[in-house]
Amino acid sequence: MLPTYYRMRASSDFATAIKRGKRRKTQTVAVHALYVSQPTQADLSNSTKVGFVVSKKVGNSVVRHRVTRQLRHIVRAVIPFSRPALVVVRAQPRAATASFHRIQEDVLTAFADLGLIATVAADIDHRRGGSTDAPTTATPTATAILDHHARGADGVTALHDTTSTHGAASARC
């Protein structure tokens, strides 16, 4: 669940972000972002607000809710590091059959393309031993965010374990 101050609730915010914001579309999601002014410490009303749109084109109720939970989980890890904006994450029909990791990659790519987080390509290039003269930014890269989120308090990976012997219960988000 996203904290209340990160949730987009007003339909006017959805409409504004979709009509006036920038859009990046991938195979599984389309992300709309409209930047807002920097929030103050006392006022989180100008912080990043995120809303999700998962239409019936994605699938039946069970599928739509599964996709929504996956999107919420991905965005929850990234949102504390993003720029203040109104963000609408809209699932495409392919999200119904895509793996969690594919959706995660698409969301991170869209966020990076929109400038909400640092680019993924620079971090991937650096990890592969590529150019180290890439400019450093104060914003952590997408993979660094996920690495941080994946490690629990004890440093052990805590994301999805698909090799569990507990059957369907391990696939729940």
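Where is the place of Thr48? Select Thr48 and you land in the loop between β2 (29-35) and β3 (49-53). Strands here are DSSP runs of E with at least two residues, helices are runs of H or I with at least four, and both are numbered from the N terminus.

Before going on, a word on what you have open: this is a predicted model, where local features need pLDDT of at least 70, side-chain atom pairs count only at pLDDT 80 or more, and totals for chains, interfaces and linings use all residues. Residues are numbered from 1 along each chain as its sequence is written, and side-chain values use heavy atoms, with hydrogens and water left out.

**Stay on Thr48**

Is Thr48 buried or exposed? Thr48 counts as buried because its relative accessibility is 5%; buried means under 20% relative accessible area, exposed over 50%, and partly exposed in between, using a 1.4 Å probe and protein chains only.

Now show the residues around Thr48. Leaving aside neighbours within four places in sequence, Thr48 is in contact with Tyr5, Tyr6, Ile79, Ser82, Arg83, Pro84, Ala85 and Val87 (contact means heavy atoms within 4.5 Å). Two of these partners deserve a click. The Thr48 side chain makes a polar contact with the side chain of Ser82 at 3.4 Å, and the Thr48 side chain also reaches the backbone nitrogen of Ala85 at 3.5 Å. A polar contact is a pair of N or O atoms within 3.5 Å; within protein, one must be able to donate a hydrogen and the other to accept it, and residues adjacent in sequence count only if both atoms are side-chain atoms.

**Hop to Arg83**

Select Arg83 together with Tyr35. The charged end of Arg83 sits over the Tyr35 ring, 3.9 Å from the ring's centre. For that, NZ of Lys or CZ of Arg must be within 6 Å of the ring centre and within 35 degrees of the ring normal.

**Next, helix α2**

Select residues 61-78, the 18 residues of α2. At its N-terminal end, Asn60 is the cap, with a side-chain oxygen 3.2 Å from the backbone nitrogen of Val62. Colour the buried residues of α2, among them Arg64, Leu71, His73 and Val78.

**Over to Lys19**

Lys19 is in helix α1 (residues 11-20) and counts as exposed because its relative accessibility is 71%.

**Zoom out**

The protein chain has 5 helices and 4 strands, running α-β-β-β-α-β-α-α-α from the N terminus. Of its 173 residues, 38% are buried.

Definitions and conventions
Expected span 1.5 Å × (residues − 1).
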